[in-house]
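Reader: Could you take me through this one and tell me what stands behind each label you use?

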Amino acid sequence: MFIEDVTLADCTRVRPGKTMTKVWRLKNAGAVPWKGYLLRRLDVTQQADQCQTIPDVPIKDTQPGETVDIRTVITTPKKPGLCYVRFKMVDASGAVVFPGSRPINFQIIVDGN
């Protein structure tokens, strides 16, 4: 369950060519421990005009009822625009967990001003 954006709230304005850390806070609201889980980027073939991230963001092992902060480094493109990047949680075997749920995402505005 998504709790909050710890850093870089949606529509935060950032400069082109910057590297920063995005942090989401999630809660394991189910009955199964998250062991070996990842956030997998949905648009893995990254273009130069998109925000760059690693394709698989590790999630610290999380027991039911616990919260976890998940971090990834983002590098913004050199040109202004909107970065909208989506991730789905996958288990240790690579299977999508919660296939019907909305992706975890971030959207930032790369502002040249």
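Author: Let's start with burial: buried means under 20% relative accessible area, exposed means over 50%, and partly exposed is in between, with a 1.4 Å probe and protein chains only. By that cut-off, 32% of the 113 residues of the protein chain count as buried. Keep in mind that this is a predicted model, where local features need pLDDT of at least 70, side-chain atom pairs count only at pLDDT 80 or more, and totals for chains, interfaces and linings use all residues. Residues are numbered from 1 along each chain as its sequence is written, and side-chain values use heavy atoms, with hydrogens and water left out.

Reader: What makes the link of Cys51 and Cys83 a disulfide?

Author: The term stands for a pair of cysteine sulfur atoms within 2.5 Å. Cys51 and Cys83 have an S to S distance of 2.2 Å, and the search of the whole structure finds 1 disulfide. The angle about the S-S bond is 95 degrees, and the link is right-handed.

Reader: Which parts does the pair tie together?

Author: Cys51 is in the loop between β4 (38-41) and β5 (56-58), while Cys83 belongs to strand β7 (residues 81-90), so the link ties together parts 32 residues apart in sequence. Strands here are DSSP runs of E with at least two residues, helices are runs of H or I with at least four, and both are numbered from the N terminus.

Reader: How do you know that Cys51 is buried?

Author: Its relative accessibility is 1%, so Cys51 counts as buried. Cys83 is buried as well, with a relative accessible area of 2%.

Reader: What is the phi of Cys11?

Author: About 70 degrees, a positive value although Cys11 is not a glycine. Most residues other than glycine have a negative phi. Cys11 lies in the loop between β1 and β2. Leu8 lies in the loop between β1 (2-5) and β2 (12-14), and Leu8 also has a positive phi, of about 55 degrees, without being a glycine. At 16% relative accessibility, Leu8 counts as buried.

Reader: What makes the protein chain as compact as a globular protein of its length?

Author: First the make-up: the chain has 0 helices and 8 strands, following the pattern β-β-β-β-β-β-β-β. Its radius of gyration is 14 Å, close to the 13 Å that the globule rule gives for 113 residues, so the chain is as compact as a globular protein of that length. That radius is taken over C-alpha atoms, and the rule is 2.2 Å times the number of residues to the power 0.38. Along its principal axes the C-alpha trace spans about 45 × 25 × 20 Å.

Reader: Which residues does Asp111 touch?

Author: Contact means heavy atoms within 4.5 Å. Leaving out residues up to four places away in sequence, Asp111 touches Arg13, Val14, Arg15 and Pro16. Asp111 is in the segment after β8 (104-110), and at 18% relative accessibility Asp111 counts as buried. For the protein chain, residues 24 or more positions apart account for 65% of the contacts with a separation of 6 or more.
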